[in-house]
Amino acid sequence: MRLSKIFKNSLLILTACLILSACATKKEVATTDSIKGQMQGDVYTGTDTVEYLAEGVPDRVFFATNESILTTASRETLRAQAAWLRKNPSINVVLEGHADERGTREYNLALGERRANAAKDYLMTYGVSSDRITVLSYGKERPVDSGSNPLAWSKNRRSVTVKAN
Amino acid sequence: MIKKIISIFLILIPINAFALIEVDITRGNLNPLPLAVSPLSIDETSKKEFEKILKKQNIGSEISLIVENNLKTSGLFNPLDKKAFLQAPDIANLKPRFEDWNLIKAQALITGKVNYIDSKLRVEFRLWDVLAAKEMMALAFTTVPTNWRRVGHIISDKVYERLTGEKGYFDTRIIYVSEEGPKTQRIKKLAIMDQDGENNTFLTLGNELVLTPRFNPASQMVTYLSYFKNMPRVYLLDIETGTQEVVGDFPGMTFAPRFSPDGKKIIMSFAKDGKSDIYTMDLENRIVEKITNHPSIDTSPSYSPDGKYITFNSDRSGYQQIYVMKNDGSDVKRISFGNGLYGTPVWSPRGDLIAFTKLHKGKFYIGVMRTDGSGERLLTENYYQEAPSWSPNGRVLIFYRETKTNSKGEGFSAKLWSIDLTGYNERQIKTPTDASDPSWSSLLSN
């Protein structure tokens, strides 16, 4: 009887803790004003670092932490790149895959390669021949933003399409 | 980059005493053993000759300083202040007045002398048990004068081994990546230095990105990742001749290289089509074997010291975790089950532990666990640190740590640190530039 009461109490405390910590996380995200409007989830949606291969053809796509899944926006960017590459058959590209600094070096090299390959697969689906595409991972070695904060990290998790010739 | 081998290594008097002093090595620096390192005595003629050759005023004192510094940084010994020493170095080496050394609470005493003989450096040293009033060890070395630092390290190793019962780790080198420039365009070079940070030399010029150098445990060869011609590939480098070659002929990025314990194979990852698998290449017959075959990222492989098992990290469970398998890739078992992500497993040279990097709730930890994943112990927590490498005796871990930048992206630095297996005695290792990816060599002499 007594035991179960103690158990109940501790469970209550545990629940309270969980609620509190959830609140704390939410608050942290909400107060970081600079992130507002530039990230969806933790995927970068801004244009600060984006360059253009041609008018209306952004050169890069962004990823969520530890992910290599292409977002709707990324797929749109890659379709634009594929269309441009089909129109310019003499141009080859290097897809440079990158990770943020919050991971071990070797795993991040593999993750960068995986991200660049996700972009490559999509370009191929839209008619770009694989022999025009080289994949190169930089892991976390070449960040565009040297900040140690969620927004900087989101800009750094990217695959960039670079003209090879 | 020429390794000069101690030309003559002569044992004067064989070890015959029993271990009288006991150093408790399970507790790190809680109770370091007080000992006195009396400067090695030197006669005037020898002193002048060495001053000419080595530009050091008193080479005897310099060698003693190396010994003192090594023993101190191990955290197991407390070298006493020389100002308190009552007996002159030359007399102490002949016959210590144990009462004098007892008075300053020294439990062990190191004495010795240095001579210039036939253009060579001859060093003799003795280790004394002060309480038992007995000689524990006496050794002499003859070598080329430029090897004087190594003599200091070898003496340190002998003393360490005699007093702790374990091999030392002082006559060793660290290979690492030197870093300079802004975070977005870091220039990285391979660099090598003695374990105590001295004799730093750069091995590459910084024209291409280089990462993760690792020593061959059986020789002074190194394997590392280079972005030469923008093609990230595993290379093999002979640090004595400077010759290097690509390891294998892979149609894509190879990375995360390490040697097998016998030094005959390189184990590494090869990334293709978004998946990374583990491969080995035999350096003699060039035969390449695929060890893992999984759509996930399998990387950071490290052999057990007997070569029968491999530990690695994989995200096959959805997140980066540590696994152990047999050396042919069979019998894969996940061993990390704590909260967070686990990476960079490295098997201890003693065989009983695996060191790792752990990422949990925005913090990075260096820790150790048994090879079945039990007994996890986190040694140090920080904003960012990773890539532990074991000292050859499995006693100390070296790793690198990066600082958080401010909102403008300023204030970045990367430094090498070491920590005792017990979690005590955390120290920064001085490097002329920022530094990362350290790898510890085997003992240069035995």
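**Figure 1. Helix α3 of chain A lies across the sheet.** Angles run from 0 to 180 degrees between N-to-C directions, with axes as lines fitted to C-alpha atoms, for helices over the stretch in contact. Helices (H or I, at least four residues) and strands (E, at least two) are DSSP runs numbered from the N terminus. Residues are numbered from 1 along each chain as its sequence is written, and chains are lettered from A and ligands numbered from 1 in the order in which they are written. Because the model is predicted, local features need pLDDT of at least 70 and side-chain atom pairs count only at pLDDT 80 or more, while totals for chains, interfaces and linings use all residues.

**Figure 2. The open sheet of chain A has four strands.** Their order is β5-β8-β6-β7, with mixed pairing. Strands β5 and β7 (133-139) of chain A stand at the edges; each has a single partner strand, so one side of each lacks a neighbour in the sheet. From one strand to the next, the twist averages 20 degrees. Strands β6(A) and β8(A) run antiparallel, joined by five bridges. Two strands pair if DSSP finds at least two bridges between them. A:Glu96 stands opposite A:Val160 in β8(A). Helix α2(A) packs on the sheet and touches β5, β6 and β8 of chain A. The direction of α2(A) makes about 160 degrees with that of β5(A).

**Figure 3. Helix α2 of chain A has buried residues along one face.** The helix covers residues 72-87. At 1.5 Å a residue, its 16 residues should span 22 Å, and the end C-alpha atoms are 23 Å apart, which agrees. The expected span is 1.5 Å times one less than the number of residues. The buried residues of α2(A) are A:Ser74, A:Thr77, A:Leu78, A:Gln81 and A:Leu85. Seen down the axis of α2(A), these residues fall within an arc of 95 degrees, so they line one face of the helix. The arc is that of the directions from the helix axis to the C-beta atoms. On the other side of α2(A), A:Thr72 and A:Lys87 are exposed. A residue is buried if 20 or more other C-beta atoms lie within 10 Å of its own, exposed if 12 or fewer, and partly exposed in between, with C-beta atoms placed from the backbone. The cover over the buried residues of α2(A) includes β3 (52-54), β6 (93-98), α3 (105-125) and β8 (158-163) of chain A.

**Figure 4. Chain B meets chain A.** The contact takes 33 residues from chain B and 24 residues from chain A. Two residues are in contact if their C-beta atoms, placed from the backbone, lie within 7 Å. Elements giving two or more residues to the chain B side include β11 (210-215), β16 (265-272) and β27 (384-390) of chain B. The largest share of that side, three residues, comes from β27(B). The residues on the chain B side divide into twelve nonpolar, 16 polar and five charged. Here Ala, Val, Leu, Ile, Met, Phe, Trp, Tyr, Cys and Pro count as nonpolar, Asp, Glu, Lys and Arg as charged, and the others, Gly among them, as polar.

**Figure 5. Strand β8 of chain B is largely enclosed by the rest of the structure.** Seven of its eight residues (173-180) are buried. β8(B) pairs with β9 (residues 187-194) of chain B in the antiparallel sense, over eight bridges. B:Tyr176 stands opposite B:Ala191 in β9(B). The hairpin of these strands has six residues between them, and B:Gly181 takes a positive phi near 90 degrees. β8(B) also runs antiparallel to β31 (residues 434-440) of chain B, joined by five bridges. B:Glu179 stands opposite B:Asp434 in β31(B).

**Figure 6. Helix α5 of chain B is mostly covered.** Of its 17 residues, 15 are buried. The helix takes in residues 148-164. B:Gly165 follows α5(B), with a positive phi near 85 degrees.

**Figure 7. B:Arg122 sits in strand β6 (residues 120-129) of chain B.** B:Arg122 counts as partly exposed, with 18 C-beta neighbours inside 10 Å. Not counting residues up to four places away in sequence, B:Arg122 touches B:Asn115, B:Ile117, B:Ala140 and B:Thr142.
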